[in-house]
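Please open the model in a viewer and keep the selection panel at hand.

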Amino acid sequence: MKANKFAAALVAASLTGAAYAQDEEADGGTGQALYEANCAACHQYDGGGVPMMQPELILSEKANGDIGGVIDMILLGSAAVPAGTSGYSNEMPPFDYLSDEDIALIASYVRTHFENSGGAVTADDVRARRASHAGQ
Ligand code: HEC
């Protein structure tokens with residue numbers, strides 16, 4: 001009985017914490033968590049970027065435009081940017097080791113936060129884009 005009570009208290013505590021962190025996110029907060037784990041070190045928690053080093057994602061044309069742009073950026077990193085056209089001193093690594101689902105959640109988070117309104121990206125979108133790069 002004691003152990004059960006303890007377990008129930010733990011579940012209640014983690015639910016409260018999760019509800020606080022998730023803040024009414026449609027995906028339960030997963031997109032935000034993935035963004036913060038993989039992207040925020042460079043693009044910052046608020047999407048503000050760092051001048052000269054990495055672009056801000058706030059109102060970014062690439063983040064909001066054609067879904068292929070943001071998906072390729074995540075899959076390929078700086079390799080998605082034509083040589084000689086980058087205005088930033090840092091390099092973005094490829095995140096192709098993430099699952100289609102995780103990339104879709106991150107891309108959707110970026111396109112629906114930071115004043116962006118590009119809309120959601122699905123795992124099927126990512127799968128199609130990944131397939132188009134296969135063998136290159
Ligand atoms: C090590 C630092 C670093 C990390 C980590 C990183 N990026 Fe980037 N990102 C960059 C740099 C640098 C550029 C600029 C590339 C260029 O134009 O040369 C960039 C560009 C972008 C762009 C294009 C923005 C624009 O307006 O041109 C998007 C979108 C983007 N990153 C999203 C992400 C997402 C989503 C993640 C996490 C999965 C991520 N980045 C992780 C450094 C990083």
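Select His43 together with the ligand: a polar side-chain atom of His43 lies 2.8 Å from a nitrogen atom of the ligand. The model is a predicted one.

Which protein atoms are its donors? They are NE2 of His43 and SD of Met92, lying 2.0 to 2.2 Å from the iron atom. The pair joins distant parts of the chain, 49 residues apart: His43 belongs to helix α3 (residues 40–43), while Met92 sits in the loop between α5 (67–76) and α6 (100–111). The site of the iron atom is octahedral, with angles of 88 to 179 degrees among its 6 donor atoms. Is His43 buried or exposed? Its relative accessibility is 11%, so His43 counts as buried, the cut-off being under 20%.

Next, display the residues around the ligand. There are 21 of them, and those that come nearest are Cys39, Cys42, His43, Ser86 and Met92. A polar side-chain atom of Ser86 lies 2.4 Å from an oxygen atom of the ligand. In the side chain of Ser60, an N or O atom is 2.7 Å from an oxygen atom of the ligand.

Now turn to the largest nonpolar core. In soluble globular proteins, nonpolar side chains tend to be buried together. This core has 21 residues, of which Tyr35, Ile74, Ile106 and Val110 touch the most other members. Colour α2 (30–38), α5 and α6, the elements that give two or more residues to the core. Helix α6 gives the most, with 6 residues.

Within this region, centre the view on Ile106. Leaving aside residues up to four places away in sequence, Ile106 touches Leu34, Tyr35, Asn38, Cys39, Ile74 and Leu98.

For the last stop, select α5. How many of its residues are buried? The count is 7 of 10, and the helix is mostly covered. The buried residues are Gly68, Val70, Ile71, Asp72, Met73, Ile74 and Leu75. Finally, step just past the end of α5 to Gly77, which takes a positive phi of about 70 degrees.

Technical notes: Residues are numbered from 1 along each chain as its sequence is written. This is a predicted model: local features need pLDDT of at least 70, side-chain atom pairs count only at pLDDT 80 or more; totals for chains, interfaces and linings use all residues. Side-chain values use heavy atoms; hydrogens and water are left out. Donors are N, O and S atoms within 2.8 Å of the metal (3.2 Å for Na, K and Ca); water is not among the atoms, so sites may look incomplete. Four donors count as tetrahedral if all angles lie between 85 and 135 degrees; four count as square planar and six as octahedral if opposite donors are over 155 degrees apart and all others between 65 and 115; anything else is irregular. Helices (H or I, at least four residues) and strands (E, at least two) are DSSP runs, numbered from the N terminus. Buried means under 20% relative accessible area, exposed over 50%, partly exposed in between (1.4 Å probe, protein chains only). A nonpolar core is a set of buried Ala, Val, Leu, Ile, Met, Phe, Trp, Tyr and Cys residues joined through side-chain atoms within 4.5 Å. Contact means heavy atoms within 4.5 Å. A residue is near a molecule or strand if one of its heavy atoms lies within 4 Å of it. A polar contact is a pair of N or O atoms within 3.5 Å; within protein, one must be able to donate a hydrogen and the other to accept it, and residues adjacent in sequence count only if both atoms are side-chain atoms.
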